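Visitor: I'm new to this structure and would like to learn how to read it. Could you walk me through a few features?

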Amino acid sequence: MNPFPNQIEDFFPDTAPLSEARNSALEQLSKTEFPNPGQEVWKYSKIFDLDLESLTPSLKNPSDKKTEPSFLDLEQSELVEITDGWLTGQKVSTLSDSSGVYVGSLANMGADLAHIEKHLSKPKDFFDCLNHSYNPEILLIHVPDGVTLESPIYIKVQSVTAGSVACPRIVVNLGENSEAKIIEHHLSNSGESLSVPILDAHVGQSSRLMHRVVQDLGEKTWQVAKQNFQLEKDSCVEIFAAAFGGDYARSEIRCELKGRGSEAYLSAAYFGNEEQTLDFRTFQKHEAPNTTSKLLFKGALDGDSRSIYSGLIKVLPEAVGTKAQQTNRNIKLSENAWAESVPNLEIETNDVVCNHASTVSGIDEEQLFYLESKGIETSAAERLIIAGFFDEVTSKVDDPLLVKEIDSIMTEILQSRFRDQGE
Amino acid sequence: MTNEKLLNIEGLCATAGGKKVLNGVDIQIKPSEVHAIMGPNGSGKSTLAHVLMGRPGFEVTSGSITIDGLDVLSLQTWERAQAGMFIVLQHPIEVPGVKISDLLTEVAVASELDPQESLSSLREEAANLGIDESLLDRELNVDLSGGEKKRNETLQLLVSEAKYAILDEIDSGLDVDSLALVAERINRAAKGDRLGVLAITHFNRLLDILKPDQVHVLVDGRIVETGPAELALQLEKDGYQKFSK
């Protein structure tokens, strides 16, 4: 089902093989149904309320439009900007250098395209097809063998046009023995919009990727995001996501541990307010021996907000010696808030250490009593407890800019919460 | 009601988890006085401590508690603390992700004090108590030994503006040397800063140093005898049999 225009060659003048990929995605889209409530992967979601017909894919580069202020603006010199799905930053290529590092449009990369193409994900569901059809240009981050990027790559991913569907797409390719840190800030204006970002990351042998996202979308934005990580032998990925904004914001994170000894560390902090729904689906897939994955997602839900955490650890028969952990903890801060937590294990071999845990609870009365007994007012004691609850994940965020941003968003949420309570 | 300086507990009856535990307790503690409460297990000692601080799950059914003329029972827990009450729990509660410095900063802000000054007096007092500075950066009571927890609590008591301290088995978990250090420091606070102390304990080791002005024997939720420090020695010898029904 494609509710959008099919004739789009004039808008996205790409060449083969990208044009072929787009055409095939368009065709697949027309045959792919919108999610329906019977599908397990969409359980508890409110995606069915999405009014697609009221939105239009962004077919023009909105470079003349106003940009949303981001904490990353301070890092102008290294900032990559994606606006309504389009690459709009002026400095895209400054990171590209003689060592073979490339940061820019995949279409302009030239020679090595075939080598990178094999790591691109194929569209599977409706939103994949949507992204693959209407993504204007792919941002490629390519780090060749043996190269360690000294400073992080900052990417501002913004939606600035009300009524738009944005389809940003980022492809990360780390060669062998390389290292990179990528920090994304997702934001949007206050109008209604849909963002369908896809990240495909391939981490080569013995390489290390650190990926961080702060999602602070406008209150009427819907987001259906996907991140795919493929890990080769002895490689490692550290993933951190902070989610605060959006009306409905879904994030699907898949880690495929394909190479022996590869490791994936996933953590997230989310804070829901008002009528928001924050929806996380994770997949830790162990395909090779001696692979390790550790997941810790923590969330607080206030107002009438809802969160969904649904995760699967899958261990294939050949993945002996797997160590996998999955923990999801939620604090409900109001009567009407709602948190669903569904951890799952699917283990097809022996000799593995896997565990999962999930909790949904209110603020601990004993902790509250303890802090109050020191002379701290109830509201301040709650604020300390909530900040302390998140500390386990936020303390691992090592980028000073990011730490400051998360801290300031959290402080603002907590202070406004207690301001409202005080009145 | 007078404004005499006094922690005044009168005819206090209370339930814990719906069960009657205190059946009319009367104790008056003046500034600088040290009172000890002893009694068999289950006699209501900890319940008394919890009720004084307003812990959830404990309910006062009759009687009164006032400090310096102020009705404590009408106050929230944090208001009781701000009015000058401080409790050292038998089992201090873990608060993950919150450091003692976070706590103290918050307390300082609440009492309109300079957080930096509070923190520097914390460090000074920590040195007095033989507490390693690294302990100040640890999460509250998380993965701490019993003794470390009690020393931390004592530290907080000493830098607080407390007028009355309720110590629920502060001696448990402390080794002999730490116990001496902690008890001497509290004793000095009683004499020097006019701190009123209510110490719940099973052992004379603490009382040898604290030198209580009065020892109360609590059995079945009632004070069945009150006497001088020597009473504690007698209890250690004879036990509580003679008070049982």
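Guide: Let's begin with a term: two residues are in contact if their C-beta atoms, placed from the backbone, lie within 7 Å. Keep in mind that this is a predicted model.

Visitor: How many residues of domain 1 of chain A are in contact with domain 2 of chain A?

Guide: On the domain 1 side of chain A there are 21 residues, and they are in contact with 21 residues of domain 2 of chain A. Strand 12 (208–215), strand 14 (236–243), strand 16 (263–272) and strand 18 of chain A each supply at least two residues of that domain 1 side. The largest share, four residues, comes from strand 16 of chain A. By class, the domain 1 side has 14 nonpolar, two polar and five charged residues.

Visitor: Where do the bounds of these domains fall in chain A?

Guide: The domain assignment gives domain 1 as 18–363 and domain 2 as 364–423 in chain A. Their centres, taken over C-alpha atoms, are separated by 27 Å.

Visitor: Now the strands. What should I look for when they pair?

Guide: Strands of a sheet pair through backbone hydrogen bonds, either parallel or antiparallel. Take strand 20 (residues 323–332) of chain A. Ten bridges join strand 18 (residues 292–301) of chain A to strand 20 of chain A, and the two run parallel; here Leu296(A) stands opposite Thr327(A). Strand 20 of chain A is also joined by nine bridges to strand 22 (residues 353–361) of chain A, again parallel, with Lys323(A) and Val353(A) as bridge partners.

Visitor: Why is strand 20 of chain A described as largely enclosed?

Guide: A residue is buried if 20 or more other C-beta atoms lie within 10 Å of its own. Eight of the ten residues of strand 20 of chain A are buried, so the rest of the structure largely encloses this strand.

Visitor: And in chain B, what is the order of the strands in the six-strand open sheet?

Guide: The order is 6-9-10-3-11-12, with mixed pairing. Strand 6 (85–88) and strand 12 (222–227) of chain B are the edge strands, each pairing on one side only. From one strand to the next, the twist averages 20 degrees. Inside this sheet, five bridges join strand 9 (residues 164–168) of chain B to strand 10 (residues 196–200) of chain B, which run parallel; Ala165(B) has Val197(B) as its bridge partner.

Notes. Residues numbered from 1 in each chain as written. Chains lettered and ligands numbered in written order. Predicted model: local features only at pLDDT ≥ 70, side-chain atom pairs only at ≥ 80, totals over all residues. Buried ≥ 20, exposed ≤ 12 C-beta atoms within 10 Å, placed from the backbone. Pairing = 2+ DSSP bridges. Axes fitted to C-alpha atoms, helices over the stretch in contact; angles between N-to-C directions. Domains from an automatic or database assignment. Nonpolar A, V, L, I, M, F, W, Y, C, P; charged D, E, K, R; others polar.
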